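Let's take a walk through this fold together, starting with the whole chain and then stopping at a few spots. Keep the viewer open as you read.

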Amino acid sequence: MTDPAVPHTPGASTVHALRRAVGTPARRVLLAVTLLLGALAAAALALAGPPDDRTFATLSDAAQSLMSVVVPAFGILLVHDLERQPGVVRRTPTLLAAALLAAVVALFGVLVCGAALALTTSSAQDPWQHLGTVVLGSVLVQVVAQFVGTGLGLLIRRPAIAFVATIVLPLGLWFLLGAVDVLRPVQALTPYSSVRHLLSGQMTALNWVQWLGVLLIWGVGLNAFGVARRRQRTSHGQPAPAPEEQRASLEP
């Protein structure tokens, strides 16, 4: 797919990047699969889960967690699109578009979880407890997942490997830190730990500080490092990826 030149205005560039995110049939299918996974998770838990466990937080935990596994793929594809743009390109509009797409996915999950809960019977004392926090947490979960994707997409030249890394690296680090007693408190700075707190709706002041740390490390820091590495490769005259590497993508 050959993209037209990227517009120079930030707003237009962001809209252009959003269009690229779903600009091919394969990417639209990927988006449909992502949303379908969330809807199926919410429906399955609402219909088959224990009635006393049917809460908005429980449904959101399942649906948003499952969708967050796939969401980083869009960020990876968007930053790899920039490799095919001639000249110097601005990455900020692409990162903003990636975050907006993640927020849309999160809000879809909020709607399907709300509908699933409203259409079923729950014996929980307060099925809608922590509604506002879980809605906000859903958006934050997907945005951080997307930024993990853009960051690793900037660092790793092969999209398929970058996508695997978005799963293996955060979860692997969470398991490794949990295996060492003295390092266990650092688990709070991994995305998986922040997801559990955000989607439960039970956020304390310490949990919010920990989430901010996750954002700074996995969102801001990872992407800043990725941008710096790209600039370093460019300044050293490293050649662009070979055609076969460009085709090694998450889409056909």
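**A walk through the helices**

Of the 252 residues in the protein chain, 46% are buried, where buried means under 20% relative accessible area, exposed means over 50%, and partly exposed lies in between (1.4 Å probe, protein chains only). A word on where this comes from: the model is predicted, so local features need pLDDT of at least 70 and side-chain atom pairs count only at pLDDT 80 or more, while totals for chains, interfaces and linings use all residues. Residues are numbered from 1 along each chain as its sequence is written, and side-chain values use heavy atoms, with hydrogens and water left out.

The protein chain has 10 helices and 0 strands; here helices (H or I, at least four residues) and strands (E, at least two) are DSSP runs, numbered from the N terminus. Read from the N terminus on, the elements go α-α-α-α-α-α-α-α-α-α. Now for contacts, meaning heavy atoms within 4.5 Å. Among those in the protein chain between residues at least 6 apart in sequence, 78% join residues at least 24 apart.

Let's look at how some helices sit against each other. Helix H2 (residues 25–48) packs on H3 at an angle of about 155 degrees, and their axes are 8 Å apart. Those axes are lines fitted to C-alpha atoms, for helices over the stretch in contact, with angles running from 0 to 180 degrees between N-to-C directions. H2 and H3 therefore count as roughly antiparallel to each other; the scheme calls angles under 35 degrees roughly parallel, over 145 roughly antiparallel, 65 to 115 roughly perpendicular and the rest oblique. The crossing of H2 and H3 is right-handed, a label used if the near helix is turned clockwise from the far one by less than a right angle, with anticlockwise giving left-handed. On the H2 side the residues that meet H3 include Leu30, Leu37, Gly38 and Leu45, and on the H3 side they include Leu59, Ala62, Leu66 and Val70.

The loop between H5 and H6 is worth a stop. Histidine 130 lies in this loop and has a positive phi of about 60 degrees although it is not a glycine. For background, most residues other than glycine have a negative phi. Histidine 130 is partly exposed, with a relative accessible area of 30%.

On to the aromatic rings. How many aromatic pairs does a search of the whole structure find? It turns up 4 of them. Phenylalanine 56 and tryptophan 128 form one that is stacked, at 5.8 Å centre to centre with 25 degrees between the planes. (Rings of Phe, Tyr and Trp, the last by its six-membered ring, pair if their centres lie within 6.5 Å; planes under 30 degrees apart are stacked, over 60 edge-to-face and the rest tilted.) The pair links distant parts of the chain: phenylalanine 56 is in helix H3 (residues 56–70) and tryptophan 128 is in the loop between helix H5 (92–118) and helix H6 (131–155), 72 residues apart. Phenylalanine 56 is buried at 1% relative accessible area, whereas tryptophan 128 is partly exposed at 37%.

Next come tryptophan 208 and tryptophan 211, whose ring centres are 6.5 Å apart with planes at 80 degrees, so this pair is edge-to-face. Both lie in helix H9 (residues 205–235), 3 residues apart, about one turn of the helix. Tryptophan 208 is partly exposed at 30%, while tryptophan 211 is buried at 12%.

Trp174, Phe175 and Tyr192 form one aromatic cluster. Arginine 196 lies over the face of tyrosine 192, at 4.8 Å from the ring centre; that calls for NZ of Lys or CZ of Arg within 6 Å of the ring centre and within 35 degrees of the ring normal.

Last stop: glycine 153 in helix H6, buried at 0% relative accessibility. Its C-alpha atom is 7.9 Å from that of glycine 226, 73 residues apart along the chain. Leaving aside neighbours within four places in sequence, glycine 153 is in contact with Ile76, Val79, His80, Ala162 and Arg230.
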